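Thank you all for coming; I would like to take a few minutes to walk through one model, chain by chain and contact by contact.

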Amino acid sequence: MRTVQSGASLHDATVVLDDRVILRAVNLVVGPGLTLVRGPNGSGKTTLLRALAGLVPLARGDRRASGDPLYIGHRPMLLRGLTARENLEFFVRFRGGDTRGIDGALRAWGVGEDMDRPVERLSAGERRRAALARVDTEKVAVILLDEPFADLDDAGANRLRQTIARLRDDGRAVVIATHAHRELDELAKAQIAIDDGAARAA
Amino acid sequence: MITSYRIALVAGRELRAERRQPDGVVAAVTFIAVLVLLESLVVGPQIAHEADVAAALFWLALAFATILATMRSFDRELEDDALEGLVALPGGRDALFGGKVLSLAIVLLLVAGVGGILSIVLLDLRIALPVHLLVVVLLGVLALPPIVVVDVVLALRLRARAALVPILALPVLVPQLVAATRGTSAALQGDAVGALSWAGLLFAFAVVYTVIGLTIVPAAIE
Amino acid sequence: MTETTIPRGNTLPRIRPWLGIAAAASFVVASVMALFWAPTDAVQGNVYRILYVHVPLAWLAYLAFVVVFLASVGWLWTKNPLFDAIAVASAEIGVLFTGLFLVAGSIWAKPTWGVWWTWEPRLVTTAIMFVMYVGYLLLRGLSTDFSRRATRAAVFGIIAVIDVPIVHLSVLWANSLHQLPTVLRAGGAPALDSSMLLTLMVSLGAYTLIYAYLMTSRISLELARQVRLWTT
């Protein structure tokens with residue numbers, strides 16, 4: 001059993017990018033379960049997630065996380081020239097994991113037939129699904145998803161919702177930034193509203 | 001050690017992508033071929049035939065080919081934010097530099113091979129010490145990528161980076177280019193001691209700049 | 001996570017006027033000594049006097065570069081914006097002095113030895129250093145984000161400065177192995193007698209004070225800019 005609670009947190013975090021303050025003194029503790037981050041475009045949702053992932057330097061404050069998060073951003077983050085399977089294998093091997101589950105995961109996400117095609121030949125939806133399959137192949141405690149429903153059709157969206165529920169039940173800390181998808185509210189343990197860099201519990 | 005493993009993974013990922021999308025290799029190989037041809041023509045085959053000149057033309061062409069290949073490699077990383085996927089992994093930043101340098105060195109060996117053979121054929125070069133020549137070229141190829149990778153990483157999110165990278169890289173590459181050119185010339189002319197001395201220097205450069213890159217680049221990646 | 005200290009204003013204004021006066025005064029003294037007091041050289045006549053400008057400029061070019069290195073290390077280590085201010089100030093002043101050094105060298109070389117340029121290692125290294133300075137400033141100029149610009153510049157600054165002695169050595173070795181006739185010891189001073197040496201020392205001191213004064217001005221300016229950036 002985990003003795004350290006899985007999660008991530010930001011304390012008094014301020015992020016400045018391109019000489020603009022994107023996040024102002026954000027205090028946020030994310031624990032097991034689903035946390036939703038909502039806000040209008042340009043409010044800093046993406047930067048908040050990236051700050052939790054450790055991808056942006058903080059001008060002030062600090063960030064703590066148990067284990068290394070899995071961050072899937074706006075874009076699929078898959079290397080072109082590689083197939084979906086090769087991309088996922090790379091990620092899993094880098095984390096020192098077991099690559100045997102990859103085929104099954106890609107199939108479950110509907111990329112079974114195309115897993116050996118270079119990703120640039122996949123549709124946007126397939127690329128998104130292949131990227132999301134990482135939540136099944138990389139076993140991490142903290143999962144950060146930025147607008148994960150983008151490019152997904154109904155089947156994909158359903159699959160994602162089921163996966164989110166499963167991860168939540170599994171005790172993982174899942175943070176999703178989205179500006180729609182109210183159906184997730186009932187699954188969520190906490191909701192954060194962010195506007196112009198300032199975050200508050202909603 | 002886990003970092004070496006990860007560096008190997010990054011290099012493998014790069015080489016695999018390059019094999020399926022060889023536009024980087026193709027561009028670099030074509031580029032060096034064109035440059036060797038052009039340089040020899042412009043300077044005049046008799047003059048280019050001289051060891052010093054042939055060596056200089058070759059290494060200058062290879063320096064530019066290195067910049068080309070490195071920029072192409074990172075351009076691919078920027079598509080779909082693939083670089084971010086790597087950097088977001090634990091230890092991703094640390095493995096990136098080593099992996100890129102390793103994979104680029106391998107690609108550049110191929111490019112150097114093509115450029116070298118072409119030079120030998122076009123200019124009717126006489127090679128007094130072929131083994132020494134191979135050693136110099138190998139070490140020269142190892143000494144070029146570290147600086148170029150650092151500079152491409154530094155310029156990654158900047159506009160006009162295609163112009164900026166050569167400006168940043170070439171002055172810093174002067175010692176490597178001098179050593180490689182002199183070493184190549186020595187090997188062509190039969191000066192074994194000279195060739196090996198310059199080769200030793202190239203090895204030192206490769207080591208020093210790789211170590212500096214490994215230390216300093218993780219902090220600079222965005 | 002390392003924190004970037006948010007810059008505050010600066011306390012330099014107090015020393016500056018004194019430094020300025022000292023710099024101006026010593027420059028006048030040095031110039032008078034160089035132009036009139038120091039004896040005429042037996043071999044080169046009066047042209048040699050440019051030595052009293054040339055050598056201090058070289059000294060400053062390298063000093064400024066080393067300061068860029070130290071400030072770059074300082075930034076990467078502490079993320080204190082003062083270091084970034086010092087780095088850019090020294091780079092801008094350094095590029096100016098390096099450029100002047102190269103030009104002064106040409107002006108001296110032509111009447112003395114008949115050529116505008118020699119491929120002597122020190123000269124070549126300084127020319128390459130000039131290009132590195134320019135690259136450093138271009139890198140900064142193309143960056144938008146304060147913190148990233150400082151980090152990028154610092155990384156390049158460190159690599160460039162480490163490279164300079166290596167460049168010098170490699171050019172030196174390349175020349176010697178090829179027995180290229182180093183035409184003359186360019187920048188090599190004629191044998192100096194004691195009053196010439198004194199004039200040179202005074203010049204070095206004067207130019208160093210000028211550097212210090214320019215630095216304080218430029219750093220003040222940069223710190224003010226930093227504060228403005230952060231308070232918007």
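**Strands in chain A**

Let me begin with strand E3 of chain A, which is joined by five bridges to strand E8, residues 188-195 of that chain, with the two strands running parallel. Before I go further, please keep in mind that what we are looking at is a predicted model. If you want one pair of residues to look for between these strands, take Arg38(A), whose bridge partner in E8(A) is Ala193(A).

E3(A) also pairs with strand E7, residues 173-177 of chain A, again in the parallel sense and over five bridges. Here a pair to look for is Leu36(A), with Ile176(A) as its bridge partner in E7(A). Is E3(A), which covers residues 33-38, mostly covered or mostly open? The strand is mostly covered, since five of its six residues are buried.

**Where chain B touches chain A**

Moving on to the contacts between chains, we find 19 residues of chain B in contact with 20 residues of chain A. On the chain B side, helix H1, residues 2-20, and helix H5, residues 82-87, each supply at least two residues, and the one that gives the most is H1(B), with seven residues. When we sort this side of chain B by class, we count ten charged residues, seven nonpolar ones and two polar ones.

**Where chain B touches chain C**

The contact of chain B with chain C takes 21 residues from chain B and 24 residues from chain C. On the chain B side, the elements that give two or more residues are helix H8 (145-154), helix H9 (161-189) and helix H10 (192-220), and the largest share, ten residues, comes from H9(B). What classes of residue do we find on the side of chain B that touches chain C? There are 17 nonpolar residues, three charged residues and one polar residue.

While we are in chain B, let me point out Gly194(B), which has its place in helix H10. Gly194(B) has 18 C-beta neighbours inside 10 Å, and therefore counts as partly exposed; to be called buried, a residue would need 20 or more. The C-alpha atom of Gly194(B) is separated by 6.6 Å from that of Gly183(B), although the two residues are eleven apart along the chain.

**Inside chain C**

Chain C has six helices and zero strands, so that reading along its sequence gives the pattern α-α-α-α-α-α. Of its 232 residues, 42% count as buried. If we take the contacts in chain C between residues at least 6 apart in sequence, we find that 82% of them join residues at least 24 apart.

In chain C, the axes of helix H2, residues 51-78, and helix H3, residues 81-113, come within 8 Å and cross at roughly 160°. Why do we call H2(C) roughly antiparallel to H3(C)? The reason is that crossing angle, because angles over 145 degrees count as roughly antiparallel. The crossing of H2(C) and H3(C) is left-handed, and the residues of their contact divide into 21 nonpolar, eight polar and one charged.

Notes
Residues numbered from 1 in each chain as written. Chains lettered and ligands numbered in written order. Predicted model: local features only at pLDDT ≥ 70, side-chain atom pairs only at ≥ 80, totals over all residues. Contact = placed C-beta atoms within 7 Å. Helix = DSSP H or I, 4+ residues; strand = E, 2+ residues; numbered from the N terminus. Nonpolar A, V, L, I, M, F, W, Y, C, P; charged D, E, K, R; others polar. Axes fitted to C-alpha atoms, helices over the stretch in contact; angles between N-to-C directions. Parallel < 35°, antiparallel > 145°, perpendicular 65-115°, else oblique. Left-handed = near helix turned anticlockwise from the far one by under 90°. Buried ≥ 20, exposed ≤ 12 C-beta atoms within 10 Å, placed from the backbone. Pairing = 2+ DSSP bridges.
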